[in-house]
Amino acid sequence: MAKIFYDDDADLSVIQSKRVAIVGYGSQGHAHAMNLRDSGVNVIIGLREGSKSIDKAKEQGFEVAKVGDAVREADVVMVLAPDQSQRSIWANDIEPNLKSDAAVFFAHGFNVHFGYIAPDSGHDVCMVAPKGPGHTVRRQYEEGRGVPVLVCVEQDASGHAWELALSYAKAIGGTRAGAIKTTFREETETDLFGEQTVLCGGISQLIQYGFETLVEAGYQPEMAYFEVCHELKLIVDLINEGGLTKQRWSCSDTAEYGDYISGPRVITPDVKDHMKEVLGDIQNGSFAKRFIDDQDAGAPEFLALRAEGQDHPVEKTGQEIRRMFAWNASVDSDYVDGEAAR
């Protein structure tokens, strides 16, 4: 069983005695920064010149500096830039400016685990990874609760890295809910596997295949969308509340019976074999290499796959259907339904 830490296991004064640089001010960056500040931590935001987040961070009362300048002042540097950007930021702005005894924190282990970033032996290397989006991390903190976090130490140069990691986790509200002890390897590989086989890749492919099957059989696209996509949130919410058992308890006996007899016909044992293949590609680093190589080349494969996904008929039908949902107001100012502004 995993070891879980709570508020009483962490000393907030440890992180309160540090100057923390948050590199990046996106979904997680703004939440970490705000929660740390509200916990009495001295925070500076490090952003590249021209970043669209500079004005936002300043408006929210933070000191903002170029990444190198922010790092130069910091005792703890939390790297919250996208995975594909971290290597260059690390090499150009963070590593040359790190204090000799500064701790380096991450919220995902991708670059450290796969060797794209390798801090020298004088630095504590830790992870505090909330298991929820940034706006939820912030909102739960404000409401006196917290989002569970993963905590791990890859390198304990000071001999006190665990105390520092747990203190940081407490400052962002994580130990209110629970901080689960893990490793960079376990977090990285399970995170990528879950995304690719179930949460993103698996679900997306199931929705598309289900939609295509109904439409090809002559059913209206709108009906297909409702049955294989729209209602998915209702099911996921039930699973979040009480697992698969509550989901099955809450639906009709007809649906539950169909679950048992038809689910295994669709998700056959060979799917698990393919999942093992995906896990193998993650474990041996070939997925990471394919992703980074593509990003370094300007992301031609990534962008082509994104365009293909956006052009799928289920997306076109969904845009029309969602106009019917008056309660489904957009919560992301930089997203227009059907096309992300990136």
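Trainee: At what angle do helix α10 and helix α15 pack?

Mentor: Two packed helices are described by the angle between their axes and the distance between the axes. In this predicted model, α10 (residues 184-199) and α15 (residues 269-283) pack at about 140°, with axes 10 Å apart. That makes α10 oblique to α15. Angles under 35 degrees count as roughly parallel, over 145 as roughly antiparallel, 65 to 115 as roughly perpendicular and the rest as oblique. Axes are lines fitted to C-alpha atoms, for helices over the stretch in contact, and angles run from 0 to 180 degrees between N-to-C directions. Helices are DSSP runs (H or I, at least four residues), numbered from the N terminus. The crossing of α10 and α15 is right-handed (the near helix is turned clockwise from the far one by less than a right angle).

Trainee: Which residues of α10 and α15 meet?

Mentor: R185, E189, L192, F193, Q196, T197 and V198 of α10 meet M275, V278, L279, I282 and Q283 of α15, where contact means heavy atoms within 4.5 Å. Seven of these residues are nonpolar, three polar and two charged. Ala, Val, Leu, Ile, Met, Phe, Trp, Tyr, Cys and Pro count as nonpolar, Asp, Glu, Lys and Arg as charged, and the others, Gly among them, as polar.

Trainee: How are α12 and α18 arranged?

Mentor: The axes of α12 (residues 221-230) and α18 (residues 313-322) come within 9 Å and cross at roughly 85°. α12 is therefore roughly perpendicular to α18. P221, E222, Y225 and F226 of α12 touch V314, T317, G318, I321 and R322 of α18.

Trainee: What volume does the second largest pocket have, and which residues line the pocket?

Mentor: Rolling a probe the size of a water molecule over the atoms shows where empty space is left. The second largest pocket has a volume of about 210 Å³. A pocket is an open set of points on a 1 Å grid over the protein atoms alone where a 1.4 Å probe fits, with protein on both sides within 12 Å along at least five of seven lines; lining residues have an atom within 4 Å of a point. Grid points are joined across faces, edges and corners, and a volume is the space filled by probe spheres set on the points. The lining includes K18, D75, D101, H160 and E163. By class, five lining residues are nonpolar, two polar and five charged.

Trainee: Which conventions apply to the model?

Mentor: Local features need pLDDT of at least 70 and side-chain atom pairs count only at pLDDT 80 or more, while totals for chains, interfaces and linings use all residues. Residues are numbered from 1 along each chain as its sequence is written, and side-chain values use heavy atoms, with hydrogens and water left out.

Key. Helices (H or I, at least four residues) and strands (E, at least two) are DSSP runs, numbered from the N terminus.
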